[in-house]
Amino acid sequence: MKLDSDMITTKEALSWQGLHLLNFSQSSCSQKVRILLAEKGLTYRSREIDLKRQENTAPWFLGINPRGVVPVLVHDGAVHIESNDILAYIEDTFPGAQSWLPQTTQERDQSRSLMALEDKLHTSLRVITMGFIAPRKMMAKSEAELDTYEANGPDNAYRNEQIAWWRAFGQNGISDADASHALAAFKDAFERLDWRLQSRDFLLADRPTLVDIAWFISVHRLALAGYPLSQHRRLNAYYTALLNRPAFEREVSKAPLVLRIAGPLYWLSRRWRGTDLRRVSAATTAASA
Ligand SMILES: N[C@@H](CCC(=O)N[C@@H](CS)C(=O)NCC(=O)O)C(=O)O
C-alpha cells in the first residue's frame with residue numbers, strides 16, 4: 001500500500017533516493033521483505049527501527065508510517081507499507097530472471113487467498129511470539145510508553161488497535177485460551193499448506209513464489225515456539241529445505257549477539273519446564289478429541 005505523500009510529516013523521507021527499508025531485525029514482517037531483497041540481490045539501505053526501544057512510537061517514525069509498525073519501504077521518496085504489498089511491489093518493480101509472482105489466473109487466485117490468510121493470522125503470530133518466544137517482562141510496553149505511542153503522530157485507527165492490544169497484553173499477558181485459539185488457527189492453516197505440498201514442490205507451484213516467503217516466516221516462528229511441526233510431514237520437509245537457502249537462514253537469524261545466545265537458551269528452558277507451545281498443543285488436541 002503506497003501512502004499519500006501529503007500524509008508524510010517526516011518530510012526528509014520524501015527525498016530518500018533508492019531503496020530504504022525501515023525494519024527491525026527480529027520482526028517477522030521485516031524478515032519477509034529482507035528475504036526477498038536478499039534473494040533478488042537488490043541493494044538497499046537498512047534503517048533499523050528498534051521495536052524494543054519503542055522507536056516505532058517516536059514522532060519521527062510515526063511521521064512516515066502513522067500506523068507505527070514496520071516494515072516500511074521507501075523507494076525514491078515513495079512510502080510503501082504492509083509487508084505482503086511491499087513484496088508484490090518489489091517484484092513488480094524489479095522483475096528478475098526468476099519471477100516470484102503467480103503466473104496463471106488460477107495461481108493468482110490461490111496466491112491472493114494464501115497471502116490473505118497469512119496476513120489475517122498476524123495477530124495470532126504475535127500471540128504465539130509474545131506467549132512463547134520472548135519473556136513478557138521484556139516485551140510488554142509500560143503505560144507511559146503506550147501513552148507516548150497514543151499521543152505521538154496523527155490519529156490512526158490501525159494504531160489505536162495496536163495500542164489496545166499492547167495494553168491488554170501488558171495487563172493480562174497471553175491466556176491459555178488466546179494461545180489455544182491462535183494455535184488452532186495455525187494448525188488448520190498448516191494442514192492446508194501440507195495438503196498443497198502433496199502435488200507441488202512449493203506452496204503455489206513447482207517454483208518458489210512470494211507465498212513461500214510469507215508463510216515460511218510463520219512456520220519458522222511456530223517451530224521456535226515448540227510447535228510440533230513433524231505432525232505435518234510435507235510442510236516440515238519443505239520448511240527445512242527453505243531454511244537451507246542462505247537468504248532465508250540469514251534473515252531469520254539476525255539479532256544482537258546477546259539475543260542469539262539468550263533466545264535459544266530461553267526456548268530450551270521453556271521446553272524443559274514444559275511451558276512451551278507443546279503444553280497448549282496437547283491441551284488443544286485433548287479438548288478436540
Ligand atoms: N500487517 C502488517 C503488520 C505489521 C506489524 O504488526 N509489524 C510489527 C512487527 S512484525 C510491528 O511493527 N510491531 C510494533 C511493535 O512491536 O510495537 C505487515 O504485514 O506489515
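A polar contact is taken here as a pair of N or O atoms within 3.5 Å. The model is predicted, with local features requiring pLDDT of at least 70 and side-chain atom pairs counted only at pLDDT 80 or more, whereas totals for chains, interfaces and linings use all residues. Residues are numbered from 1 along each chain as its sequence is written, and side-chain values use heavy atoms, with hydrogens and water left out.

On this basis, a polar side-chain atom of Glu 82 is placed 2.8 Å from a nitrogen atom of the ligand, while oxygen atoms of the ligand lie 3.0 Å from a polar side-chain atom of Asn 56 and 3.1 Å from one of His 122. Of the 520 Å² of accessible area that the ligand has on its own, the protein covers 93% (Shrake-Rupley method, 1.4 Å probe). The shell comprises 16 residues (a heavy atom within 4 Å of the ligand), and Asn 56, Val 70, Glu 82, Ser 83 and Lys 141 come nearest.

Elsewhere, the axes of helix α9 (residues 176-196) and helix α11 (residues 233-243), fitted to C-alpha atoms over the stretch in contact, come within 8 Å and cross at roughly 80°. The two helices are therefore roughly perpendicular to each other (65 to 115 degrees). Their contact (heavy atoms within 4.5 Å) is made by Phe 190, Leu 193 and Asp 194 of α9 together with Arg 233, Arg 234 and Leu 235 of α11.

Methods:
Polar contact = N/O pair within 3.5 Å; in protein donor to acceptor, adjacent residues only side chain to side chain. Axes fitted to C-alpha atoms, helices over the stretch in contact; angles between N-to-C directions. Helix = DSSP H or I, 4+ residues; strand = E, 2+ residues; numbered from the N terminus. Parallel < 35°, antiparallel > 145°, perpendicular 65-115°, else oblique.
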